[in-house]
Every structure is written in structure tokens, then in C-alpha cells.
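Please open the model in your viewer and keep the selection tool at hand. The stops below tell you what to select next and what you will find there.

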Amino acid sequence: MMQEKNVLISFLRKLDQHPYCVKIDQEEYKIGEGEPEFTVNFKKPIPAYSLMTSTSLALGKAYMDGDLEVEGDLYHALNHFLGQMGNFSTDESALKKLIFTSKSKKNQQKEVRSHYDIGNEFYKLWLDDTMSYSCGYFQSEDDMLTQVQMGKVDYILNLLSFFDSGRPVMGKGGRNQ
């Protein structure tokens, strides 16, 4: 554990464009010159292998798993690290696995479940009352989220010519007659 912590701190010292603090195991390390602009708090060290294989994946996974927290402006911290990606280690094969996932039916089912089967409480945090999880149809820049979702539904129904006086009708070219 001590070795992983030392590797982590040594690696982070390369990312010193802006001063920041790192907290790990009740110890604090200042990186860069000047007053720290944010603090990165590691609940546990990132394994050296992960850090050296693909830094962005290792840091992202640590954040998503709750093993890394940022105290201060998260956007500033992200901008700081992303601006120094030239110092990151990158495993292109690992990135390709994220982008080009398996096409097996079993894997696709797993991906769909992990994306959609997380419960409505999560989606209610950021979707409107229609719970529409897709694009919207804006008619003006002042439209609200519910308006653009309903506008999308209306637009699609109009394109499909699904309703004409309350009954389905298809006309020439797919438009209502």
C-alpha cells in the first residue's frame, strides 16, 4: 500500500501546471508552486498498474467508485488534469474496448441493463415529467424542456400522419390529407 501511494504521488507530481493538494491516508501533499487551488482526496490509492496503463481510465474509475473526491471547483480540477493529458499514460486497447464494445447478444443485454435498469428515481433527477430520454424539438430558444419533449412527440406524430380528426390516416407522401 505504501508503494502504491508513493507511485501515485510521484505520478501526480508530473501534473503540476496549477498548484493543488492531494490527501491520502491522513497525509497531505502539496503539488505545484503557490497556493493550492483544489484538493484531490484519495480514499485509497490507485493501483500503479492501472495508473501507468491508462491514467484517464484509472482516475475516472476511481472517481466513479467514490475512491477519489475533489474538494473545491470540480470543473477547474478537471480542466487542470485534462489540460495535461500529454503526461497521461494511455492504453489504446483499453480505450477501444470502451468505444467498440462486444457485439455479442449477452454483452449487449448486459450493457442495456446497466444503462436503463437503474430505476426511475435516477432519471427523475434530470428528466422532465414526460421521462423522455432522447432529443427534443425546439421551436424557439426559449422553449422549456417539457415543451421540447412534447414538441418532439407532436412532430413525430405529424410526420407519421398518425392522427387526423382522432383516427389514424396515411395520406400521399406520408402526410395527412
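Helices (H or I, at least four residues) and strands (E, at least two) are DSSP runs, numbered from the N terminus. The model is predicted, and for this reason local features need pLDDT of at least 70 and side-chain atom pairs count only at pLDDT 80 or more, while totals for chains, interfaces and linings use all residues. Residues are numbered from 1 along each chain as its sequence is written, and side-chain values use heavy atoms, with hydrogens and water left out.

**The whole chain**

Begin with a cartoon view, in which you can look for 8 helices and 4 strands; read along the sequence, they follow the pattern α-β-β-β-α-α-β-α-α-α-α-α. If you switch to a surface view, the chain exposes about 12500 Å², of which carbon and sulfur atoms supply 54%; such accessible areas come from the Shrake-Rupley method with a 1.4 Å probe, and for residues only the protein chains shown count as cover. Of the 177 residues in the chain, 27% are buried, where buried means under 20% relative accessible area, exposed means over 50%, and partly exposed lies in between (1.4 Å probe, protein chains only).

**First stop: His-80**

Select His-80, which you will find in helix 4 (residues 74-82). Is His-80 buried or exposed? His-80 counts as buried because its relative accessibility is 1%. Now show its neighbours, taking a contact to mean heavy atoms within 4.5 Å: leaving out residues up to four places away in sequence, His-80 touches Leu-15, Asp-16, Gln-17, His-18, Tyr-20 and Phe-38. With Leu-15 in view, look for its backbone oxygen, which lies 3.2 Å from a polar atom of the side chain of His-80; a polar contact is a pair of N or O atoms within 3.5 Å, where within protein one must be able to donate a hydrogen and the other to accept it, and residues adjacent in sequence count only if both atoms are side-chain atoms.

**Second stop: the nonpolar core**

In soluble globular proteins, nonpolar side chains tend to be buried together. A nonpolar core is a set of buried Ala, Val, Leu, Ile, Met, Phe, Trp, Tyr and Cys residues joined through side-chain atoms within 4.5 Å. Select Leu-12, Tyr-20, Val-22, Phe-42 and Phe-81, which have the most contacts inside the largest nonpolar core, a set of 22 residues. The elements that give two or more residues to this core are helix 1 (2-12), strand 1 (20-24), strand 2 (27-31), strand 3 (39-42), helix 3 (55-64) and helix 4, and helix 1 gives the most, with 4 residues.

The structure holds 6 salt bridges, each being a side-chain nitrogen of Lys or Arg within 4 Å of a carboxyl oxygen of Asp or Glu. Select Lys-5 and Glu-27, whose side chains meet in one of them at 2.8 Å, N to O. Because Lys-5 lies in helix 1 and Glu-27 in strand 2, this pair ties together parts that are 22 residues apart in sequence. Lys-5 is buried at 3% relative accessible area, whereas Glu-27 is partly exposed at 36%.

Move on to Lys-43 and Glu-69, where the side chains meet in a salt bridge at 3.3 Å, N to O. This pair links distant parts of the chain, 26 residues apart, with Lys-43 in the loop between strand 3 and helix 2 (48-53) and Glu-69 in strand 4 (residues 68-71).

Asp-25 counts as partly exposed at 32% relative accessibility, while Gln-26 is exposed, with a relative accessible area of 85%.
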